[in-house]
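Q: I would like a close look at one part of this protein, followed by an account of how the rest of the chain is packed.

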Amino acid sequence: MKSVLLGAAALAISSFAATAAFAEVAVLRGVSCFPIGAPPGVPFEDLVAEINKRGEGIVQIESLGGAPAIGSPFQVGERMALGAYDIAGCPEAFFGNLLPEAPVLRLSDYTFAELRKNGALDYFQELMKAKGAIFLGRHHDDGPFHLFLAEPIDKPDLTGLNLRISPVYTAFFKAMGATVQRSSMPEVYTLMENGTVDGFGWSFRGVSPDWYKVAHYRVDPGVYHATIHTIANLARWESLSPEARDLVMSVILEFEARTEPTSDYAKDLDEKMKATQAENGMKTITFEGADAEKWLRVAKNSAWAEFLEQNPETGPKLKDLFTKSN
């Protein structure tokens, strides 16, 4: 009888220990600013899978889906900061409603490793925390942004074109003479198919396979950086154990380093995407000489003019920290 009682007690203790250990696993509610399975959203899904693999028994991310199924992609950041979600994968263009200074991430002249050393991200982090959020890292770089068109153009002039935009290139396309309208990613195909828009801006590596049916030209050179980031609710992040935070950050920093545009990994992705676009019939319109200079100059100047106008207090300091020359 005594042995039975001892066995039962041992089992109870073992069960309690297992339950306690299970209870210590932190579960973060994660969302994406892109539809699940969409090319620009897959890197965040990969990030989540890697964190869950390494974080077994420590921290897990429960995916709740992606925009627009969960709501507007432009509201994900704000809702996350308010506590609706714990962690999100979004380009800076989609959390500009939360932090007006977010566009500086796409305009940077530095690698993210350099930004972490020169104080730029420290200052950016201060601004994020004031909004109830925290910037964890760039988990993917989707290449530069390009203009994709149904019909060709022969000079850097967008007069007469109606283009689908996101906040990333609104100022640029308007400065080039285009009229613009904003839409979510799933609406791009329909807008192009029915002729509502003549083209759209998008990241080089994030082109949806369906778009090859309606977009036949890519304009080079590309502009800015199509950076996609991991952000989190500040209070929830600070509630995690140091072990959980360290594990999540270690994975994010690995993703951040491998996707730097100068890395072999990124260069390989670019070569594969060039081949894919060519195989699907996409032709390239390449501006050269003075035309290329104008294209890049207007892109840069219009973006910074908009940024400084929208952020008169913080903008000048951010420009000093994120650019190599003014």
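Where does Ser-263 lie?

A: Ser-263 lies in the loop between helix H10 (242–258) and helix H11 (264–279), where helices (H or I, at least four residues) and strands (E, at least two) are DSSP runs numbered from the N terminus. This is a predicted model, in which local features need pLDDT of at least 70 and side-chain atom pairs count only at pLDDT 80 or more, while totals for chains, interfaces and linings use all residues. Residues are numbered from 1 along each chain as its sequence is written, and side-chain values use heavy atoms, with hydrogens and water left out.

With a relative accessibility of 15%, Ser-263 counts as buried, since buried means under 20% relative accessible area, exposed over 50% and partly exposed in between, with a 1.4 Å probe and protein chains only. Leaving aside residues up to four places away in sequence, Ser-263 touches Ala-257 and Arg-258, contact meaning heavy atoms within 4.5 Å.

The crossing of H2 past H10 is right-handed, a crossing being left-handed if the near helix is turned anticlockwise from the far one by less than a right angle, and right-handed if clockwise. From H2 the contact takes in Pro-43, Asp-46, Leu-47, Glu-50, Ile-51 and Arg-54, and from H10 Leu-247, Val-248, Ser-250, Val-251, Ile-252, Glu-254 and Phe-255. By class, eight of the residues in this contact are nonpolar, one is polar and four are charged, where Ala, Val, Leu, Ile, Met, Phe, Trp, Tyr, Cys and Pro count as nonpolar, Asp, Glu, Lys and Arg as charged, and the others, Gly among them, as polar.

Although Ala-38 and Pro-186 are 148 residues apart in sequence, their C-alpha atoms are 9.4 Å apart in space.

The nonpolar cores come next, each being a set of buried Ala, Val, Leu, Ile, Met, Phe, Trp, Tyr and Cys residues joined through side-chain atoms within 4.5 Å. The largest has 81 residues, and those with the most contacts inside it are Phe-124, Leu-158, Phe-172, Phe-173, Tyr-224, Trp-295 and Phe-322. Helix H12 (residues 289–310) gives the most to this core, with seven residues. Apart from it lies another core, of 23 residues, which includes Ala-26, Ile-61, Leu-247 and Met-249.

Helix H13 (residues 315–322) meets helix H6 (residues 120–129), their axes coming within 9 Å and crossing at roughly 150 degrees. That makes H6 roughly antiparallel to H13, and their crossing is left-handed. Ala-120, Leu-121, Tyr-123, Phe-124 and Leu-127 in H6 meet Lys-317, Leu-318, Leu-321 and Phe-322 in H13; this contact has eight nonpolar, no polar and one charged residues. H13 also packs against H12, with axes that come within 8 Å and cross at roughly 140 degrees, and H12 and H13 are therefore oblique to each other.

Most residues other than glycine have a negative phi, and most peptide bonds are trans. Tyr-224, in the loop between strand E9 (residues 217–223) and strand E10 (227–233), has a positive phi of about 60 degrees although it is not a glycine, and at 13% relative accessibility Tyr-224 counts as buried. The peptide bond from Asp-220 to Pro-221 is cis, with omega near 5 degrees, and Pro-221 is found in E9. The bond from Ala-67 to Pro-68 is likewise cis, with omega near 5 degrees.

Over the protein, there are 13 helices and eleven strands, and 51% of the 326 residues count as buried.

Methods:
Axes are lines fitted to C-alpha atoms, for helices over the stretch in contact, and angles run from 0 to 180 degrees between N-to-C directions. Angles under 35 degrees count as roughly parallel, over 145 as roughly antiparallel, 65 to 115 as roughly perpendicular and the rest as oblique.
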